Structure formats: structure tokens, C-alpha cells
Amino acid sequence: MKTHLLALALLVGACLSLPVRAQSYTPTEENLKSRQEFRDARFGIFLHWGLYAMLATGEWTMTNNNLNYKEYAKLAGGFYPSKFNAAEWVAAIKASGAKYICFTSRHHEGFSMFDTKYSDYNVVDATPFKRDILKELADECHKQGIRLHLYYSHLDWYREDYPWGRTGRGTGRPDAKGNWPSYYQFMNNQLTELLTNYGPIGAIWFDGWWDQDQNSDFDWQLPGQYELIHKLQPACLVGNNHHQVPFEGEDIQIFERDLPGENKAGLSGQDISSLPLETCETMNGMWGYKITDQNYKSTKTLIHYLVKAAGKDANLLMNIGPQPDGCLPQVAVERLKEMGEWIKTYGETIYGTRGGCVAPHPWGVTTQKGDRLFVHILDLQDKALFLPLEGQKVKRAMDFASRQALKFKRVDGGIVLQLDEIPTEVDKVVELQLD
Ligand code: GLC
């Protein structure tokens with residue numbers, strides 16, 4: 001009798017779960033096309049800009065220093081980035097070869113960098129600057145033909161209706177429980193504005209899910225939110241920096257400060273999905289502007305990040321923290337320019353490629369476009385390189401930049417490339433023509 005009941009319960013359970021599965025997310029044609037474009041783009045620039053730029057100690061300063069939310073909000077009254085010029089930003093970013101920009105519409109501090117009806121705590125109503133920074137940036141992106149993505153924080157250290165998470169507890173917000181329905185509605189209202197008033201948006205990049213990871217029954221109600229986004233702009237990709245394998249309704253998988261499959265920064269290690277991948281990194285050591293951090297990565301290091309990401313079939317989203325005066329830091333602009341110079345020659349081996357058939361090695365990575373395999377040699381101490389191309393026929397090998405033919409020998413399990421000298425280039429690219 002008991003077994004019968006159990007069997008019945010299992011059957012009912014299985015039947016009940018069916019409708020849920022039937023409703024599961026099926027991306028639209030536009031969305032799939034947009035994923036493809038995103039994948040092909042390979043390189044984007046992240047911009048972290050908010051009131052925190054004025055304190056010049058990074059975007060977490062509010063909670064790191066337990067700054068009272070009402071005192072912190074007074075920063076808005078002095079926010080006047082007199083040198084802000086969206087056309088210059090976009091031009092500098094485009095010069096790097098980046099194909100998209102991801103801008104912080106509202107970070108954890110809770111300040112909206114756009115004109116919103118749903119809170120006065122925004123760049124138009126609360127600052128003497130009174131300009132809709134996002135609008136200027138969006139118009140310029142559309143004009144100069146670069147895709148715009150929007151970072152949107154799920155958590156908020158300012159609003160009283162956001163239920164307390166594990167961060168931002170010292171900012172003086174009174175009600176630990178908050179008012180979730182009110183906060184959820186607020187976010188969805190803002191997302192509707194973002195996806196209605198600023199033209200086509202390539203992606204919404206969520207962050208902060210992890211703030212409630214110690215609150216086991218917290219429900220972010222993501223499916224409804226994702227559905228809203230896809231309804232408003234079907235081609236808009238949804239990504240969430242939750243450091244988990246993607247949830248239902250997401251279109252890309254995000255990694256923070258580590259390439260897919262690596263976990264040096266301690267935020268990754270999750271399985272790699274079949275969705276388009278993106279990894280974000282800082283150009284110095286901080287996301288938001290930090291006046292004491294001049295420790296910018298060298299152009300070579302930045303190019304290596306980009307190449308290694310592409311070799312892992314992932315995009316690189318490289319961050320810059322604009323200054324409170326509205327300028328991009330000079331060093332960052334120089335790096336952008338130098339990356340762009342490299343990309344002028346080698347862009348073809350990055351854009352529109354997929355991770356190549358030779359997996360990443362300590363010497364470098366491969367990228368691939370059909371039967372063209374690009375071998376990116378980043379660090380090699382020898383004049384020869386074994387490539388495990390078991391079962392693959394190599395028709396030709398040549399230096400990508402000069403188109404000079406290179407010698408190679410077939411050996412057991414692959415080929416050995418013979419180079420004229422030990423490579424000293426930032427990235428020596430060899431193109432193999434596969435059969
Ligand atoms: C982290 C931080 C945040 C930053 C983000 C970028 O999750 O909370 O400040 O915006 O990473 O990846």
C-alpha cells in the first residue's frame with residue numbers, strides 16, 4: 001500500500017513538474033542573433049561611474065567605510081563632472097577596437113546615473129549637473145555604432161525598501177526586512193525606463209544576487225524580471241554576475257576576474273555552460289575610480305587577457321573607472337589606443353572567432369574561423385612548437401602579419417611548427433590552413 005502511495009506521489013510530482021518545464025525559456029530568433037553578435041564582438045569596455053568616483057576610493061567605499069546613507073547622498077549636490085563628453089568617451093573606446101560598452105546605470109550605492117521617474121536620487125534631479133549622462137552616452141553609442149550594455153545592481157545600500165543582505169549593513173538603513181514588493185516593482189519600473197528611453201540595449205548585466213546568499217529563502221523573482229526584459233527588447237541579452245552556472249532565462253554566462261575554468265580570484269570555478277561567455281577584469285585594481293591606484297596593467301598584459309579570453313571562447317569586458325571630473329583616466333586612454341593599434345593588425349584573429357581546436361596551453365591559445373586556425377604564441381622559449389593536431393590535416397602555415405610561409409613537420413599526434421627565431425612579439429600569430 002505504502003509503495004503504491006509513493007509511486008502515485010512520484011507520478012503526480014512528475015506530472016506537476018511538466019507544465020513548469022513546458023514554460024521554460026526559449027530564446028527568440030532576435031535573441032539568438034544578438035547572442036551571436038555578442039560572441040563575435042569579443043571585446044567590450046566596462047565603465048564604473050557613480051557618486052563614488054568623487055570619494056575616489058572605489059565603488060564599495062560606502063559600505064567599506066560604513067558611510068551613512070543620508071550623508072553619502074549629499075555627494076550628489078556636488079556632482080558636476082564638468083569635462084564629461086560622451087563623444088570623446090565613445091571615440092576613445094572605439095579606438096581600442098572594443099565593440100561594446102557596459103555602463104553602470106545604477107551601482108550598489110543606489111544612485112541612478114540616468115533620468116528616472118521612480119527616484120529623485122538620480123543624476124538629473126539630485127545634481128547641479130542636471131544632464132542625463134546615460135542618454136548622452138546612449139545617443140553617442142548609437143551614433144558611433146557601438147553596442148551599449150547596462151550594468152544594473154540588484155542590491156541597494158541606499159533604499160529603505162531593499163531588504164538587508166550581507167553587505168551595506170552599516171549604512172544606517174533602518175528596516176532590516178525592507179519592503180520587497182516595493183523594491184521589486186521599483187527595479188522593474190527602472191528596467192522598463194532603461195529599455196524604453198535609450199534605444200536598443202545589447203544586454204542588462206545584473207550584479208548583487210550574492211548579497212542574499214545567506215538568506216536561504218530569499219526569492220529574487222528573476223524569471224518575471226527576465227521575462228520583462230525580453231518582452232521589452234527581445235534582442236537584449238540577460239547576464240547575471242551571480243558567480244553560479246546560468247539560471248533559466250539568462251542569455252550569457254559571466255565570469256569575474258578569471259577566465260572561464262580558472263579561479264584565481266576566488267569568485268569563479270563554476271561549470272562552463274554552452275551560452276556565450278564573458279569575463280570582466282579591471283585595468284588597474286579597482287572597478288570604480290581610485291585615486292591611489294595607478295597600477296595599470298601593461299598593454300601587453302591587456303592584450304594577453306583579450307587573446308586568452310578569445311582562446312577560451314569568451315569575451316573580455318575590460319574596466320575603466322572614469323574620474324569625478326568626467327574624464328577617462330589618461331593612462332586608460334593610452335592603453336585603449338595601444339590595444340587598438342594591435343587590433344588593427346590582429347583583429348581578424350579575434351573578432352568572430354571561436355576558441356580553437358587546440359586547447360589553451362602555457363605557451364598560448366588558439367582561435368579559429370572555419371578552417372583557419374590562429375595560433376597565438378604568447379610565451380615560448382623555443383624556436384619550435386608542438387601542436388597536438390591529431391587527425392587534422394594542415395595544408396599551410398604562415399606568419400599571420402607578414403603572410404610569410406612557415407615550415408612545419410608532421411609528427412606523431414600533430415605537427416611541429418618551426419619558427420625562424422624565439423618569438424619576442426606581444427603575440428606571435430601563426431595561421432594554419434586546415435583541410
Ligand atoms: C563585483 C562588485 C562590483 C563590481 C563587479 C564587477 O561583484 O560587487 O563592485 O561592479 O564585481 O564585476
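# Reading strands, core and domains

User: Which residue in β15 is the bridge partner of K409?

Analyst: V416 in β15 is the bridge partner of K409. A word on the basis: this is a predicted model, where local features need pLDDT of at least 70, side-chain atom pairs count only at pLDDT 80 or more, and totals for chains, interfaces and linings use all residues. Residues are numbered from 1 along each chain as its sequence is written.

User: In which sense do β14 and β15 pair, parallel or antiparallel?

Analyst: In general, strands of a sheet pair through backbone hydrogen bonds, either parallel or antiparallel. Here β14 and β15 (residues 414-418) pair in the antiparallel sense over 5 bridges. Strands are DSSP runs of E, at least two residues long, and helices are runs of H or I, at least four, numbered from the N terminus; two strands pair if DSSP finds at least two bridges between them.

User: What is the strand order of the open sheet?

Analyst: The order is β12-β15-β14, with antiparallel pairing. At the edges, β12 (384-387) and β14 (407-411) each pair on one side only. Neighbouring strands are turned by 20 degrees against each other on average, direction ignored; the axes are lines fitted to C-alpha atoms, for helices over the stretch in contact, and angles run from 0 to 180 degrees between N-to-C directions.

User: Now the core: which residues touch the most other members?

Analyst: The general idea is that, in soluble globular proteins, nonpolar side chains tend to be buried together. In this model, I101 and I204 touch the most other members of the largest nonpolar core, which has 107 residues. Domain 1 (26-353) and domain 2 (364-434) both contribute residues, so this core lies between them. Such a core is a set of buried Ala, Val, Leu, Ile, Met, Phe, Trp, Tyr and Cys residues joined through C-beta atoms within 7 Å. A residue is buried with 20 or more other C-beta atoms within 10 Å of its own, exposed with 12 or fewer, and partly exposed in between, with C-beta atoms placed from the backbone. Domain bounds come from an automatic or database domain assignment.

User: How many residues of the two domains are in contact?

Analyst: Contact means that C-beta atoms, placed from the backbone, lie within 7 Å. By that rule, 14 residues of domain 1 meet 13 of domain 2. On the domain 1 side, α10 (299-311) and α11 (330-346) each supply at least two residues, and α10 gives the most, with 7 residues. The C-alpha centres of the two domains lie 37 Å apart.
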